[in-house]
Amino acid sequence: MVTASNLGFPRIGGNRELKKLVENYWNGKLDEKALLTGAKNLRAEHWKLQAEAGIAQGHIPSNDFSFYDQVLDHLLLFGVIPARYANLQFPLETYFAMGRGLQKPEQGIDVPAMEMKKWFDTNYHFIVPKFEANQEFTLRSTKPIDEYKEAKALGIQTRPVILGPISLLHLGKAAKGASFDPITLLDKLLPAYASLLTQLAEAGAEWVQFDEPVLSFDLPLAYKAYYAKAYQYLASAAPGLKILLANYFGRIGSNLDFITPLPIAALHVDLVRAPEELDIVLQTVSNSAQFALSLGVINGRNIWKADLDAAIAKVNKVAGVLGNDRVFVAPSCSLLHTPHSLTAEVKMKSEIRDWLAFSVEKLHEIVAIAKAVREGEASVADTLAANRQSIQNRRTSNLIHNPAVKAALAAVTEDMFRRKSPFPKRYADQQTKLQLPAFPTTTVGSFPQTKEVRVARQKLKKGEYTAEEYDAFIKKEIDSCIKFQEEVGLDVLVHGEFERNDMVEYFGECLQGYVFSQNGWVQSYGSRCVKPPIIYGDVSRPNPMTVYWSQYAQTKTKLPMKGMLTGPVTCLQWSFVRDDQPRKDTTFQLALAIRQEVVDLEKAGIPVIQIDEPAIREGLPLRHSDWAPYLDWAAKAFLLSSTGVEDSTQIHTHMCYSDFNDIFPTIQALDADVITIENSKSDLKLLSAFESYGYTNGIGPGLYDIHSPRVPSEGEMKERLDQMLQYLKKELVWVNPDCGLKTRGWKETEEALKNMCEVAKAKRVKS
Ligand code: GLN
Ligand code: ZN
């Protein structure tokens, strides 16, 4: 029988209930018992919802719930707890301390959080496991077993989701001071996994899902033996328990060779990310394996309705070869990365809403596909007819297709990807115009977004502020921000970004081709959720987006004003993107819109323009062999957005990371006149890497870390600047914080920036 299955359901709840529960618990407004009860109710609701939608018993996920992060859950499960958390009082306190740090001065407790990292190429962040060389593993919690039993008591047979041992180790690192490859801990880790499996089997579980998404990476050949050892061990630990091994986010590629000999009962493949892989996987499995295939045909990473006919054809093909009993229909990955349901989207244009499917709607798609293959298409005729209609409407909608945008893209010429002259000539022209001192000082763009600023924006939205009142409010903020910057002694000023809620959402709201959901939240990290804008159609810029504010700001100062924009790759990366054309084309449309803005800013007399691209790195494909084409179009998109100006206009870019090693050629290819980057951890390796790469343009490695309220001293920053100057040419060095100041308070910002400007001034005198 073809089985309708799911890999994971969003845990935050239809109205972000989990966020509220957890935050109230942190604030002391909710006790532990209430937190646990709230979470239990939420899990029950989600299981029932999946069962009622028709996901098969035994293939509804459990243990996909987490109070903070599923990787962190596994660290507590197997007792991988760094020593600094050892003295905390009770498990939940340890758990949250590892996730977000804990300060209780009255008890002398002050522990920072563990490191967080983006989960593959998603916007979800996981806690990075840190292993000691002599790491021990023991089964320390019963969470997966408890949640399995909890569902069973409701009459729902679930498939516990466990992060596989190879992925757990591969995603982790050796603890500070140690240097070894965590995968060497496999032998010690397996018995803890085995006890977990035994207990799950005893509790009545029939299936267990091991997530092994690292199979989407390039893995060393030695991993074949690790996979063999791990899964042979686990299969024999609980012989009655059927193992589904799940890969997602990319193709398995040659790693398939590791998998085919394993004693597993099913393999999940992501046919959304790697549709081209179906034939080879099917052939290999039918020739040399006995297991079933779980077909990830519904996109767990995006919000569009699936083309059910196309999905059914794929599933039929596999069923034809393997037989119905060896086929599961599934989302491509856990639905964690898709919002809960469309029910709340009452304000969205109904034509657009009809093209979408959030998690709940995707469950129904899975069930319909399985039923169509099992019982024939007539059994779901109405569903299929409605789906065909939606797909057809979307394909031809004139909301999506804007001939002017398509024509503009077709008319792009090679010279639109380069500046008029090379960097040295431009930098000289810019200097003639800007007359900047040595070690020019600037900021990355935003200034503290106080409660007052956020309230003003809400008032405008609710109609409690007229446009004029809001305008006056923002101008007042800009006025005082400019005065502030002049007083602390900055050289290139910014307007402060007070009119922006978010660096992507603001532009999305100004552009055509975007729509915003009311409730389309997805978890980003811990209790933090984001509501990515949806790019549904051709992108165009009906009106200038930032010129008004930048131009106003320039009238308030004689110093150069820096215009502030978000780059095309970042706009793409932090949105749900249309799937009916290559991502590259959508990015180029965004780039053209930003290019118009850049040109308009220049016309309005803005001499410096910064185009932020913090997301270029996170867009990197998981496989090395896919990097080159991506990096090529990502750099081109930036160039397309930034090169429409005269030599004397200075283009800045900003990136919030410090890991450039693999992408130097791209960073150089962007040809920004100045790049500001994160370098707050005083990482000399980074600077020496810039030096040995031979980076030629202006560069501002952040002189201090804005992520903490701590005020760095002059001495400290002077030392950092001196270190930088050992590696970088002094004519090219800029002095700036390492990111925007939006989350900081005014007081610490003032002290820190004053110290920073003093350091630059002192250096000028001496050099
Ligand atoms: N200009 C943005 C700001 O200052 C940049 C934010 C970012 O890099 N993430 O807030
Ligand atoms: Zn930044």
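Mentor: Helices (H or I, at least four residues) and strands (E, at least two residues) are DSSP runs, numbered from the N terminus. Residues are numbered from 1 along each chain as its sequence is written, while chains are lettered from A and ligands numbered from 1 in the order in which they are written. This is a predicted model, in which local features need pLDDT of at least 70 and side-chain atom pairs count only at pLDDT 80 or more, whereas totals for chains, interfaces and linings use all residues.

Trainee: Where is alanine 289 placed?

Mentor: Alanine 289 belongs to the loop between α10 (278-288) and β13 (292-298).

Trainee: Is alanine 289 called buried, exposed or partly exposed, and why?

Mentor: A residue is buried if 20 or more other C-beta atoms, placed from the backbone, lie within 10 Å of its own, exposed if 12 or fewer do, and partly exposed in between. Alanine 289 has 19 such neighbours, and it is therefore partly exposed. Its C-alpha atom is separated by 8.5 Å from that of leucine 262, 27 residues away along the chain.

Trainee: Why does lysine 176 receive its label?

Mentor: Lysine 176 has 9 C-beta neighbours inside 10 Å, so it counts as exposed. It is located in the loop between β9 (173-174) and α7 (186-203). Between the C-alpha atoms of lysine 176 and phenylalanine 131, which are 45 residues apart in sequence, the distance is 9.0 Å.

Trainee: What makes β8 and β10 a pair?

Mentor: Two strands pair if DSSP finds at least two bridges between them. β8 (residues 158-163) and β10 (residues 207-211) share three bridges, in the parallel sense, and leucine 163 has aspartate 211 of β10 as its bridge partner.

Trainee: How many bridges join β10 to β11, and how many join β11 to β12?

Mentor: Five bridges join β10 to β11, and these strands run parallel; glutamine 209 stands opposite leucine 244 in β11. Three bridges join β11 to β12 (residues 266-270), again in parallel, where the partner of leucine 244 is alanine 266.

Trainee: What is the order of the strands in the open sheet?

Mentor: The eight strands follow the order β1-β14-β13-β12-β11-β10-β8-β2, with parallel pairing. β1 (3-4) and β2 (60-62) each have a single partner strand, so they stand at the edges and one side of each lacks a neighbour in the sheet.

Trainee: Why is β11 described as largely enclosed?

Mentor: Four of the five residues of β11 (residues 242-246) are buried, so the rest of the structure largely encloses this strand.

Trainee: Which elements make a right-handed β-α-β unit with β11?

Mentor: The unit consists of β10, helix α8 (residues 223-237) and β11. A crossover is right-handed if, with the strands pointing away from the viewer, the path from the first strand over the helix to the second runs clockwise.

Trainee: Which residues does UniProt list for "binding site"?

Mentor: The unreviewed UniProt entry lists Lys19, Asn123, Arg528, Cys529 and Trp574. Such annotations may be inferred rather than shown by experiment.

Trainee: How do arginine 528 and cysteine 529 count, as exposed or partly exposed?

Mentor: Arginine 528, in strand β17 (residues 528-530), has 11 other C-beta atoms within 10 Å and is therefore exposed. Cysteine 529, also found in β17, has 17 and is therefore partly exposed.

Trainee: With which residues is cysteine 529 in contact, leaving aside its neighbours within four places in sequence?

Mentor: Contact requires C-beta atoms, placed from the backbone, within 7 Å. The contacts of cysteine 529 are Ile12, Arg16, Lys19, Trp521, Val522, Gln523 and Ser524.

Technical notes
Two residues are in contact if their C-beta atoms, placed from the backbone, lie within 7 Å.
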